[in-house]
Amino acid sequence: MEYSIGINATLGDLDLVSASIDAEDRLIKAYDIFAKHPSYPGLIVLKDGKLFRMLSKASFFEVMSQQFMFDVYSGRSANYFFDENETSNSLIVDANTSILKASTIALQRPSTSRFDPIIVKFSDSCFKLLDYYVLLMAENQLHIQTSRLLHEANEFKKDVLGMVAHDLRNPISAILGFANILVESTNDDPD
């Protein structure tokens with residue numbers, strides 16, 4: 001996916017997912033959402049209308065793919081899933097955080113949750129999810145863009161220095177010539 005983002009882009013400028021379920025909703029609802037939207041990296045789980053947890057698609061299907069787990073969990077609430085699988089390593093980052101800073105923060109997570117989606121906070125009640133791979137692609141795009149801008153700046157510098165060297169060569173040669181004449185004339189003068 002190609003992004004047209006600026007050097008100072010923030011997480012709020014990226015493709016974010018706004019999908020949530022309530023902690024009391026049955027997990028079959030999460031399964032249905034993932035089935036309808038395979039690109040969703042996870043779901044935000046709300047409790048009393050506030051952020052409770054993040055349900056990673058990868059961890060959800062890892063548990064559900066185990067023998068008999070779909071039968072055990074699908075009829076239970078999302079709250080039960082978290083009680084049984086206690087992993088709250090959700091990364092919450094402000095929407096105004098730069099892409100490069102967010103990428104650095106995401107890489108510092110424990111290896112078990114490094115690839116989980118990132119919760120992007122817009123306000124106290126507005127959260128969206130960012131797929132970790134979307135973040136990495138955006139960071140890569142910024143590096144490519146920065147490299148291109150540095151290359152263009154270097155070419156401009158070469159052009160300017162070439163013009164300056166060419167434009168100054170004749171006047172400097174003339175000044176050096178006159179200076180040599182003055183030096184020679186003072187050396188010849190017995191005064």
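One definition before anything else: two strands count as paired if DSSP finds at least two bridges between them. Keep in mind that this is a predicted model.

Ile119 stands opposite Leu129 in E6. The strands involved, E5 and E6, run antiparallel to each other and are joined over five bridges. In general, strands of a sheet pair through backbone hydrogen bonds, in either a parallel or an antiparallel sense. Here the sheet is open and has three strands in the order E4-E5-E6, and its pairing is mixed. Which strands stand at the edges? They are E4, residues 92-94, and E6, residues 126-130; each has a single partner strand, so one side of each lacks a neighbour in the sheet. On average, and ignoring direction, neighbouring strands in this sheet are turned by 35° against each other.

As a general point, nonpolar side chains in soluble globular proteins tend to be buried together. The largest core in this model has 24 residues, and Ile21, Leu27, Leu43 and Leu55 are the ones with the most contacts inside it. Elements giving two or more residues to this core are H1, E2 (42-47), E3, H2 (57-64), H4 (78-84) and E6. H1 provides the largest share, four residues.

Is Ser56 buried or exposed? Ser56 belongs to strand E3, residues 50-56. Its relative accessible area is 3%, and the cut-off for buried is under 20%, so Ser56 is buried. Apart from neighbours within four places in sequence, Ser56 contacts Pro41, Gly42, Asp116 and Pro117.

Now the rings. How many aromatic pairs does the structure hold? There are eight. I will show two of them.

In the pair of Tyr31 and Phe70, the ring centres are 5.2 Å apart and the planes are at 70°; over 60 degrees counts as edge-to-face, so that is what this pair is. The pair links distant parts of the chain, with Tyr31 in helix H1 (residues 27-36) and Phe70 in helix H3 (residues 69-73), 39 residues apart.

Phe115 is partly exposed at 48% relative accessibility, whereas Tyr132 is buried at 2%.

Going back to Tyr31, ring pairs link Tyr31, Phe34, Phe60, Phe61 and Phe70 into a cluster.

Last, charges over rings. Arg53 lies over the face of Phe52, 5.5 Å from the ring centre. Lys128 lies over the face of Phe122, at 5.5 Å from the ring centre.

That is the end of my part.

Note on methods:
Residues numbered from 1 in each chain as written. Predicted model: local features only at pLDDT ≥ 70, side-chain atom pairs only at ≥ 80, totals over all residues. Heavy atoms only, no water. Phe/Tyr/Trp six-rings, centres within 6.5 Å; stacked < 30°, edge-to-face > 60°. Buried < 20%, exposed > 50% of the residue type's maximum accessible area, 1.4 Å probe, protein only. Lys NZ or Arg CZ within 6 Å of the ring centre and 35° of its normal. Contact = heavy atoms within 4.5 Å. Axes fitted to C-alpha atoms, helices over the stretch in contact; angles between N-to-C directions. Core = buried A, V, L, I, M, F, W, Y, C linked by side-chain atoms within 4.5 Å.
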